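Work through the following exercises with the sequence and the 3D structure open beside you. Each task is followed by a solution that goes step by step.

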Amino acid sequence: MLWELWIMNERSDYETIKKIFALMPNELKQEIEEVSKKKRTEVLEYCKQALTKGMLVKKRETLKEKNELISEKIAEFEKQIKSLKSENDMLLNKIREVEEDNTWLINRTEELERINEVLVKKLKLRGV
Amino acid sequence: MNQSEFKIIKKFFESELNDVHLTKENIKRFVTEIIKAGLNTEENEDDLIKEISVYEEKLKELDDKLYETFSEHLWQSSRNASLRFNYTEIYNENKRLVLRLVGLRSTYFKLCELLKITETNSEERDEKMIEKYLPMKE
């Protein structure tokens, strides 16, 4: 972020501040000039301090917003995880149930196959 | 502000504000916003820096927590997809087995009829399985 760059690089050269100062609306320029009693170096120093503090305030705001956004995202994920966990538990129970049915069905069809084979033999013996 | 001055300022701001279309107007707005924020705060630099450190520390914790929850979410989602797939596979196999069961039962009843013997091998669970895997609406 810009304010981080400003703080990290300690951009204190008056040339940059002069240019930034020039960009300010007249009302704001006057406010700064009045406070610093119109001495050029004091104006620029005051402007620099205001910029640095402004950058810090902005950085704090950005960090606060970022933290809030991440917290919201975490809460959203946690909610979805809770719902997924409960759905997965339900699916596991359903799988257990169909697996049990599957074993029973395999045994039952094998049993009926054997019974039918016996009955077919009986039928053949009777000559039907 | 002349053209070269504007270029210097633009370069200064552009390095970190890539997504902003840097016109004179929005640089002005941005500078004004920063200066006003600086003028309007009664807090001193040290307090602001301390507070920022706290937020930065919290941000690190939150980033780790976000990574953890995201990984957990990813794992639970893939597990969900895998469980759904397994369930469908077994359910479909059971459907095929029930169809086979219906055929075998029909043969069994026919054979009992031909042999004139009493059916003794009809299980209540057969009906339940047929109802479960081959409901009438299908």
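This is a predicted model: local features need pLDDT of at least 70, side-chain atom pairs count only at pLDDT 80 or more; totals for chains, interfaces and linings use all residues.

**Exercise 1. Find the largest nonpolar core and identify the elements that supply it.**

Solution. The largest nonpolar core has 18 residues, and those with the most contacts inside it are A:Cys47, A:Ala50, A:Leu51, B:Ile34 and B:Ile35. Next, assign the core to elements: α2 (14–23) and α4 (40–125) of chain A, together with α2 (24–40) and α3 (45–115) of chain B, each supply at least two of its residues. The largest share, 8 residues, comes from α4(A). Finally, there is a second, separate core of 6 residues, which includes A:Leu105, A:Leu112, B:Leu101 and B:Tyr133. As background, nonpolar side chains tend to be buried together in soluble globular proteins.

**Exercise 2. Decide whether A:Phe21 is buried or exposed, and list its contacts beyond its sequence neighbours.**

Solution. First locate A:Phe21, which is in helix α2 of chain A. Then count its surroundings: A:Phe21 has 22 C-beta neighbours inside 10 Å, and a residue is buried if that count is 20 or more, so A:Phe21 counts as buried. Leaving aside neighbours within four places in sequence, A:Phe21 is in contact with A:Lys29, A:Leu44 and A:Cys47.

**Exercise 3. Describe the side of chain A that touches chain B, by element and by residue class.**

Solution. Start from the contact itself, in which 60 residues of chain A are in contact with 62 residues of chain B. On the chain A side, the elements that give two or more residues are α1 (2–9), α2 and α4, and α4(A) gives the most, with 48 residues. Sorted by class, the residues of this side divide into 33 nonpolar, 10 polar and 17 charged.

**Exercise 4. Characterise the packing of α3(B) against α4(B), and then examine B:Lys116 in the loop between them.**

Solution. Two packed helices are described by the angle between their axes and the distance between the axes. Here α3(B) and helix α4 (residues 124–133) of chain B pack at about 135°, with their axes 10 Å apart, and the two helices are therefore oblique to each other. The crossing of α3(B) with α4(B) is left-handed. The α3(B) residues B:Asn94, B:Lys95, B:Val98, B:Leu101, B:Val102 and B:Arg105 meet B:Asp126, B:Met129, B:Ile130 and B:Tyr133 of α4(B), a contact that has 6 nonpolar, 1 polar and 3 charged residues.

Lastly, B:Lys116 is found in the loop between α3 and α4 of chain B. B:Lys116 has a positive phi of about 55° although it is not a glycine, and, with 7 C-beta neighbours inside 10 Å, B:Lys116 counts as exposed.

Definitions and conventions: Residues are numbered from 1 along each chain as its sequence is written. Chains are lettered from A and ligands numbered from 1 in the order in which they are written. A nonpolar core is a set of buried Ala, Val, Leu, Ile, Met, Phe, Trp, Tyr and Cys residues joined through C-beta atoms within 7 Å. A residue is buried if 20 or more other C-beta atoms lie within 10 Å of its own, exposed if 12 or fewer, and partly exposed in between; C-beta atoms are placed from the backbone. Helices (H or I, at least four residues) and strands (E, at least two) are DSSP runs, numbered from the N terminus. Two residues are in contact if their C-beta atoms, placed from the backbone, lie within 7 Å. Ala, Val, Leu, Ile, Met, Phe, Trp, Tyr, Cys and Pro count as nonpolar, Asp, Glu, Lys and Arg as charged, and the others, Gly among them, as polar. Axes are lines fitted to C-alpha atoms, for helices over the stretch in contact, and angles run from 0 to 180 degrees between N-to-C directions. Angles under 35 degrees count as roughly parallel, over 145 as roughly antiparallel, 65 to 115 as roughly perpendicular and the rest as oblique. A crossing is left-handed if the near helix is turned anticlockwise from the far one by less than a right angle, and right-handed if clockwise.
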